[in-house]
Amino acid sequence: MDALTRLHRALAGGDDDEEQPEDSILGDTEGICSLSPVQRVYGFAACLVAGLALMILSLVVFVRPIKFAVMFTFGNILAVGSTAFLIGPSQQLRMMLDPVRVYATAIYGGFVFLALIFALWIHSKVLTLIAIICEICALFWYSLSYIPFARRMVSDLMVKLCDTEL
């Protein structure tokens, strides 16, 4: 068995004998989009690099918050979505909607949506920047859900740092 195939199975959490449920939203897309493991890694790398490039380039237009928000948000979406190439879109969706991180996913998605609405429709620079800051915080909290006990450690650290009682 090839190393990339083992990596894909380890990330997807599946075995050879497990079947995808047909009644799931994206249960049958794995057969439609049959990329080789190497193609999946290339797709992951391309999306991740494009997302990171957009996020870094957005800093160039930071003085224009609306352009910054659009570039940063789309870069953020590309970077988060890049892992769907490695584990597949259905597994990505299942992991995002896992009870441990469903609230973080909803909050992150809500702030992505709000940042785009504030930037493209309302044209409010202040609201856009607030939504972008909240989006970054929500993505950070969402990312911590993949590391065992990371949320608890960060929560405890913040309580200790912000505690005013001596």
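Predicted model: local features only at pLDDT ≥ 70, side-chain atom pairs only at ≥ 80, totals over all residues.
Trainee: Is Tyr146 buried or partly exposed?

Mentor: The term buried is kept for residues under 20% relative accessible area, and exposed for those over 50%, with partly exposed in between. Tyr146 has a relative accessibility of 33%, so this tyrosine counts as partly exposed.

Trainee: With which residue does Tyr146 form an aromatic pair that is edge-to-face?

Mentor: Planes over 60 degrees apart count as edge-to-face, and here the angle between the planes is 80°, with 5.5 Å from centre to centre. The partner is itself buried, with a relative accessible area of 6%, and the residue that pairs with Tyr146 is Tyr142.

Trainee: How many aromatic pairs does a search of the whole structure find?

Mentor: Rings are taken to pair if their centres lie within 6.5 Å. When the whole structure is searched for such contacts, the number of aromatic pairs found is 4.

Trainee: Why is the pair of Phe68 and Phe72 classed as it is, and what is the class called?

Mentor: The ring centres of Phe68 and Phe72 are 5.6 Å apart and their planes meet at 25°. Planes under 30 degrees apart belong to one class, and therefore the pair of Phe68 and Phe72 is stacked.

Trainee: By about how much of helix H4 are Phe68 and Phe72 separated?

Mentor: Phe68 counts as buried at 4% relative accessibility, and Phe72 counts as buried at 11%. Both belong to helix H4, which covers residues 65-81, and because they are 4 residues apart in that helix, their separation is about one helical turn.

Trainee: Which residue do ring pairs link with Phe68 and Phe72 into a cluster?

Mentor: The UniProt annotation "transmembrane region", from an unreviewed entry, covers several spans, including residues 41-62 and 68-88. Over residues 68-88 the chain is 90% helix and 0% strand. The residue that ring pairs join to Phe68 and Phe72 in a cluster is Phe62.

Trainee: How far apart in space are Arg64 and Lys125, C-alpha to C-alpha?

Mentor: Arg64 lies in the loop between helix H3 (37-58) and H4, and at 52% relative accessibility Arg64 counts as exposed. In sequence, Arg64 and Lys125 are 61 residues apart, while in space their C-alpha atoms are separated by 8.1 Å.

Definitions and conventions. Residues numbered from 1 in each chain as written. Heavy atoms only, no water. UniProt positions renumbered as here; feature names shortened; annotations may be inferred. Helix = DSSP H or I, 4+ residues; strand = E, 2+ residues; numbered from the N terminus. Buried < 20%, exposed > 50% of the residue type's maximum accessible area, 1.4 Å probe, protein only.
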